Amino acid sequence: MIQRSTRILAHIILLLGNLWLALPAQAELSITHGSQAGSGAAESVPVPEWSYTVRPGESFNEIADALLASNVSASRLLQHNGIDNPATVSSGDSLRIPLSWLQRQPDPARVRSVVGQVQLISGNTGNKRPLTDDMLVRVGDEILSHNGTATVELADGSVVRISPDSRLAFNRLTQYGKSGMVDTRLRLDRGEIETQVKPVIEGGSRFEIETPSAVAAVRGTMFTLKTAPGKTDLRVTEGEVSFGPPGKTRRIPAGYSASVSAVGVGNMSIRQLPPAPAINPLPPQLKQLPVKLSWQPNGASAHRVDIFDAETGRWMDSSRVSGDSFNIDLLDNGRYDIHLAALDSNGIAGMPGILNVEVDLQARTATLEQPEAGESVNDDMPEFRWQFQGENEVARVEIAEDRDFGNLVATSEWAPDQSALPSRPLSPGQYYWRVVTEAGGNSVATSETRSLVVNGTLPPVRIISVNYVDSQVRVFWQNVDTATEYRLQLSEEPSFNNIIKEATLSDTTAALRLIPGRRYFVRLKALSDGPLESRWGPGRELFLE
């Protein structure tokens, strides 16, 4: 018992000595701590050591192998802690480990989601390439968002959301072996980021974001940082952030914002954020869109609505809203977090009201219109028409040679339209067609099946050349082998809604007398002895000076 007390006293004396010796190194590895918002007290500096608590079943040598750098021996750790026999280390004991002794390795971040145009600038080559989901972001890399957004997850699970028109550099992404501690340092050169930082381990972990005019050091919080030339704005919604000009940071707690101006040697102002708006309830499951999000008037002239995918953190939408309502639309099925905040006089969003919703849209069967069941058409590109029975749906036509649709011969593009042409011309023969509707990205409904007979068609007629002689215009067009005649239309507008002349011709040329100074448009189609005829060919503009 006396021997153990002596050893503990020796530990304390040695600890005090090490603390005194380590003071000059604190500036590099310390996490800045600030006073409460509104006070001007200087921040304390933590000791650059980490205290590790031995877990049940762990031996000293196992701990040394897992945590110490390759150039640090286990005997040095014993000596540092005043331990003569490693066998005496047991569960619950604390080991002091200088941070410089811990294993360190770069630990890249991973892109969770990208929306719109975002680029990665390589820290090694300086080359730019599009940022994509699951891409790794390494030390020295930068993310440059143009009109897009990106969500990045760091090795410790912290999440950084990058707004449009932002530039974020990853200056350090270090993990201290298996200790769970990280050293993350980012630089926001312009734009805005929103972060959810995992609580850092006391004594060594560091999460710091620098801007051209300020620095923000974090211990586990949710905050937004926005920077522009000469100014940086901070908004803290959870936890606290040490923020301010370099060397002059102060603790900004949740519910406050702070701004640092480069004018006046880093002046900082601190304000309380507007309270979270009172959001009127919505059904927890939205069966149709759009739906109106509304809230109680609170005197704010504008609000900000942010919608995040609850699974991936993807930033789906960010909108500035006047009034007291916002239409939620264009979301696929899934769970979403909706953040609503009032904007203060400086345009900084206040405390967010958060609403969790699930979108569960169900596709409904479309009603077919044209062609009729069993109808015969003389066009190899017939138009298909239908009517939606639901909201926020897209559809496509599917065409097959068998009723079971085992072999699709043509489709149309997925679109919110209620008519479409097939993706390629159809040869003469019998076909079956249907319309597939989709809602919410994963709910699908299929219409009834109709049969269709394509008789065939003639190729469209293309105009080869136009000659102008005095007040007469002569038009020449391609010969179609199976055509017996051609129909010509003349109009004064390109849509041919108002036909001023129409004629049927057996030759591949025609002379037209036009009024000088007016613009005309001409087009042709091929005719046959039977029911077959071509589609109208492309129109050609005519102008006689």
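Here are legends for a handful of close-up views of this predicted model. Residues are numbered from 1 along each chain as its sequence is written, and because the model is predicted, local features need pLDDT of at least 70, while side-chain atom pairs count only at pLDDT 80 or more and totals for chains, interfaces and linings use all residues. Side-chain values use heavy atoms, leaving out hydrogens and water.

**View 1. Strands 26 and 27 side by side.** Strand 26 (residues 334–342) runs antiparallel to strand 27 (residues 353–359), and seven bridges join the two. Look for D337, which stands opposite N356 in strand 27.

**View 2. The largest nonpolar core, with 35 residues.** A core here is a set of buried Ala, Val, Leu, Ile, Met, Phe, Trp, Tyr and Cys residues joined through side-chain atoms within 4.5 Å, and buried means under 20% relative accessible area (1.4 Å probe, protein chains only). L131, I143, F170, F223, L225 and F243 touch the most other members. A second, separate core of 22 residues includes V359, L361, A439 and A445. In general, nonpolar side chains of soluble globular proteins tend to be buried together.

**View 3. Around L131.** Leaving aside residues up to four places away in sequence, L131 touches V111, V114, V118, Q119, L120, I143 and A150. A contact means heavy atoms within 4.5 Å.

**View 4. F308, W315 and a visiting arginine.** The whole structure holds three aromatic pairs. (Rings of Phe, Tyr and Trp, using its six-membered ring, pair if their centres lie within 6.5 Å; planes under 30 degrees apart count as stacked, over 60 as edge-to-face and the rest as tilted.) F308 and W315 form a tilted one, 5.4 Å centre to centre with 45° between the planes. F308 is buried at a relative accessible area of 0%, and W315 is buried at 4%. R161 lies over the face of F308, 3.7 Å from the ring centre; this takes CZ of Arg (or NZ of Lys) within 6 Å of the ring centre and within 35 degrees of the ring normal.

Conventions
Pairing = 2+ DSSP bridges. Helix = DSSP H or I, 4+ residues; strand = E, 2+ residues; numbered from the N terminus. Buried < 20%, exposed > 50% of the residue type's maximum accessible area, 1.4 Å probe, protein only.
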